[in-house]
Amino acid sequence: MARGKRLFRALGAGAVGTAAAPSRSCERMRARRPAGRWRSLAALGVAWFALGASPDTLETMESELRRSLEVLAEQPDPVYFLSYEITEDKVVSVYGSFGAVGGWNESEQRGLDIDLRVGSPELDNTHELRRGGALPHQRVRMQAPVSDEEALRATLWRWTDHEYKQASERFTQVKTDVQVTVAAEDPTGDFSEHGPERATEEHVALEVDRAAWEAKVRKYTAPFRASKHILSANALVWADAETRWYVNSEGSAIRTANTFYRISISASTRADDGMVLPRTEQFFALSPGNLPPDEEVMAAVHRMVAELDALRTAPLVEPYTGPAILSGRASGVFFHEILGHRLEGHRQKSVREGQTFRRMVGQSVLPETFSVYFDPTAQHMAGTDLVGSYRFDNEGVKARRVPVIENGILTGFLMGRMPIEGFPKSNGHGRKNTGFRTVARQSNMFVDVSEGHSRDDLKAMLLEAVEREGKPWGLFFDRIQGGFTVTGRMLPNSFNVTPTVVYRIHPDGSEEMVRGADLIGTPLTTFSRIVAAGNEPAVFNGTCGAESGLVPVATVSPAILVAQIEVQKKAASQGRLPILPPPGVAAIGASR
Amino acid sequence: MMRGMAVAALCLALAGSGAAAETVPLGDEDTVMQALRDELARSMQSLKIDGAEGPYFIAYRVFDVVSERANASLGSLLNRGTGASRQLVVELRVGNHDFDNSNYVGASPSRTVRAALPLGEDYDALRRQIWLATDRAYKQAVNDLSGKTAALQNRTRIEEVADFSREEPHRYDGRDPESIDPGRSEEMALAVSAAFRGMQELSLSEVRANAQQSRTYFVDSEGSTFIADRHSVQVEALAAVQAADGTELQDFVTAYGRSWAGVPEPQALKAQAQQMAIRLIDRRDAPYLDRYTGPVLFEGQAAAELVNQVLAPRLVALRMPLVENPRMRTMMTSVLGNPFLDRLNARVLPRFLAVVNDPTAGHAGDDDTAPPLVGTYSVDDDGVPARRVSLIERGVLKALLATRVPVPGIAASTGSRRGETPSPGNLFVEARGGFGKDELHEELMLLAAERDLDHALVVRRIGTSAARLAMGAMQPDSLPGMGGQGSSVQPLLAAYRVFPDGREELIRTAVLSGVTEATFRDIVAASEATTRHDLVFFPLPALAAMPGMSGVVGTPTTYSMVVPSLLFEDITVKRPSGNLPQRPLVPHPLTATAGEDAAGD
């Protein structure tokens, strides 16, 4: 079990993410047309998912929290804030490759996160040490049972003690650090207060028919068998029922319940020169009925097979600067990486961050036809579920729509409960994965353009630019797999997004697939070169990795035309194609 | 066509262990075996890059596993999981038995080539994954062989030790119709963890139960092949208390078996866990022992763990590879160095002791009603038949447990590959002329009296690496004190001062100091009676707790040991060093609800 699980982690919720402070990497997937029905999910729901946890979980957590605070708030370094969050995940997955099922997993776990703060909101144990660094983001793995009061109380008690000892020790370091270093550039405190929130949602059970899922995995990966050049072809069908219990010392008590469903298909081939060429398609939904019907998935699979075949023999791109169109799919990743991450509030404060936008509030950062907002309360867009939606963030703050760029002017940041100069309060974007410390993260990003152009118009504008600048061609980035951006100060403040499907657009309008191009640049220069946008927003659902772990995010964005982009050669493996041809499976297998 | 050739080639090589089926390859009806054989035959025949040799040896191992696990605390579930997978591991060698691509760690060390195979009977899909994995393994092997050849170009090898031993082909069918009951892990974890309910003295407790139903398929290019079902179940119950001065004490109950029938019933284990917790609570208030040097008697589990942690790792032959990176070379030399490699035919134990490894033994002694030994197997992971090996005779080291990877002085396998490295199967420590219980205690007191000590020491329980690892994850800030000073023995969990009048006094916590394999020569007596214990073997115990070392330390394996009580003449036992954590400021929740004074205990 463990082995198969590890294999598919790379595609699954626990995807490899870069949690190192200065760079973040995001896996991204493509947009989806309006949802269809998944009919085969009928009455065969797995029974054990129906078991709910004790209804008294929130009450037990609150009473244990109060009991601890009675003692800990009276210490010389008092605890002034305490929260408990238990996240229960019940996960089912089935995976396979080349038309066969490779394995399955069913699991449930309950992670515990404690935010315990010693000192005061002005200065507490979470304060960034200027000699020594920030608090480690990844924490000790804590688990909590929820079905029994005694077990839950005992667990909360002992981990609270652990956290208190850690926090008081660090608070001593913080006080010394503040005394021996220069005054902070941003004088705001470490934590903002927030009123109590109370809400309870009913548990949601997963609807899983494993046999039907196995059939899907076989069906989705079978077409790859026909191609002898395809070296990997995997599918994963995955579902997670997540229940969160959150209580804090401000009187909040929240229980939320969600489900996430995902189909992920990835395949790769290798060009004769050794370059590995991957393609991934993912479909997300918040309920099983919103997953796409098989016909839609199969259409994507057949497109992947055709594209991989074409990519293998596509010409290599040389380093190039010039005009380019990013499809809606591609621009979503682009905005997420180079704009979104720089709007995360805590990055305006850390002395290690580049703070690109800190002093730019009120100034123009995008063309005036562009507005950008984040809205975790939006659940759907044009029939597609948005996975960056939630009702409360991980700090007990209610989700809300947050405008960040209005008519090209920067107006705000994404805020968790750590204040920054000019933005003293959270706007419900304190997010994290279980086991990490919360920071400000993106949710559902909407790029709104008041003056959109049709695809043909954009292409005509691109060709005009090509002619004007005397370029041999322009580029069209159709699909981007993911990317990363560096927001710190120690390295150039740049981004690199990794397209998988790119076309050269020749002056005569013909399109030619190319391979081996990475899209690179620096943020402010690149923003200033965005000249126009399309009129059809596309949805991207994905998983974003940064300091606080992997969180689901979405972007809704139209295609954009950029006057000048830069591409560099992709790092290529020197490996060669398999030595022997594929086993003569057609002939031998036929007899079986 | 190709498949037909594979069958013919294998039939020529098959050893005669099977009965009527000698002209039919093992598992002929099995699709996995067919796919493995066919791709193996094709690869041996045709896999070759221009300018390089083709493989001279390929072995495929497929691990078909259905597993489940459950962790619970105080009768409430923390997590659980279940799943199925089928993994292929490719071992491919280029060169020849004397000199090949293996035993080499290049600048970018090669990883074992693994691939997820499809479940079920889809022959084409199986072949495709086997083909791709074999291709990767071959390219890696060719690369390693060229790196290794280059590294040796300007050096003269002092010791010419072959890279891979030659063994007789062997076939074995170990399919077992029994399967592991699903759902028992959760039932077990919930039931046993409920043992600790209501015990406010415990600072933490957790029970982990898991089960693996595993079928291994093996086929190699020399004609060895087997299919073996190797199921296993494990239960670990862990608990900790904190004494008034802050000292953290831990203990555990474990049960290992090859099926749920092989371990005690949940209620019986729950009772054991309760007794363990009571002992733990007793130790909280027991006196310390600052330092003691003198005779120590190790009884039962303590004797078994002492052998497991100190002597057993010296009884396996681990090969020191050729390492390119100098820093890594230094590290690996210190870690893999085994003084017993230089002591073959030298005395390592007193003359009255012998050690035998016998994976073919099914039960301890003649008692067929006892639960079967857990280290029993018929064929090892190289496809080499298991055998009884006399390791130490009359105190003299005669052999080490080996795989097909030779070490200086040991050219052939003893059929001891379990996972990646050699491991004991069932280890029997045998004493000639052993003492009766009273006699042994008399001897202990006599030795103490000789040194003018008013008491001696008896040790009945020692911590384990497995429990330490599990506990470490639950208690990240407090690592129990290690023995230090060259000793890697875990802390003593049940040690007693014994007085001449027979009175015993429990000691709160203590560690052994400076115990090494050389200490075992100073055993002065052993009991006639033996006890049986199931243990986890770490080939390199000092490294087992280090992250990222799994490839080097080998796979932990469970095995059984039958061992007498062992009396050592001269051992130093002391209080663990280090600072003590503070007690929690907030009283335990049960204390609070009972309205008692938390500081009163």
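Author: The C-alpha centres of domain 1 of chain A and domain 2 of chain A lie 23 Å apart, the domain bounds here coming from an automatic or database domain assignment. That assignment gives domain 1 of chain A as 2-12 + 44-313 and domain 2 of chain A as 320-569. This is a predicted model, in which local features need pLDDT of at least 70 and side-chain atom pairs count only at pLDDT 80 or more, while totals for chains, interfaces and linings use all residues. Residues are numbered from 1 along each chain as its sequence is written, and chains are lettered from A and ligands numbered from 1 in the order in which they are written.

The contact between the two domains of chain A takes 41 residues from domain 1 of chain A and 34 residues from domain 2 of chain A, where two residues are in contact if their C-beta atoms, placed from the backbone, lie within 7 Å. On the side of domain 1 of chain A that touches domain 2 of chain A, the elements that give two or more residues are strand 2 (79-97), strand 3 (100-118), strand 5 (230-248), strand 6 (253-270), strand 7 (276-285) and helix 5 (294-313) of chain A; helices (H or I, at least four residues) and strands (E, at least two) are DSSP runs, numbered from the N terminus. Strand 7 of chain A gives the most to this side, with six residues. By class, this side of domain 1 of chain A has 16 nonpolar, 14 polar and eleven charged residues, with Ala, Val, Leu, Ile, Met, Phe, Trp, Tyr, Cys and Pro counted as nonpolar, Asp, Glu, Lys and Arg as charged, and the others, Gly among them, as polar.

Between the chains, 49 residues of chain B are in contact with 52 residues of chain A. The side of chain B that touches chain A draws two or more residues from each of helix 2 (31-46), strand 1 (55-73), strand 2 (76-94), helix 3 (123-152), strand 6 (202-220) and helix 12 (589-594) of chain B, and its largest share, twelve residues, comes from strand 2 of chain B. Strand 2 of chain B also pairs with strand 3 of chain A, in the antiparallel sense and over seven bridges, two strands being paired if DSSP finds at least two bridges between them. Within strand 2 of chain B, B:G83 is the bridge partner of A:N105.

Two of the helices named on the chain B side, helix 2 of chain B and helix 3 of chain B, have axes that come within 9 Å and cross at roughly 40°, which means that helix 2 of chain B is oblique to helix 3 of chain B. Axes are lines fitted to C-alpha atoms, for helices over the stretch in contact, and angles run from 0 to 180 degrees between N-to-C directions; angles under 35 degrees count as roughly parallel, over 145 as roughly antiparallel, 65 to 115 as roughly perpendicular and the rest as oblique. The contact of these two helices of chain B has seven nonpolar, four polar and three charged residues.

Chain B is itself divided into domain 1 (2-229) and domain 2 (291-574), and 26 residues of domain 1 of chain B are in contact with 24 residues of domain 2 of chain B. Strand 6 of chain B gives the most to the side of domain 1 of chain B that touches domain 2 of chain B, with five residues. That side of domain 1 of chain B has twelve nonpolar, seven polar and seven charged residues.
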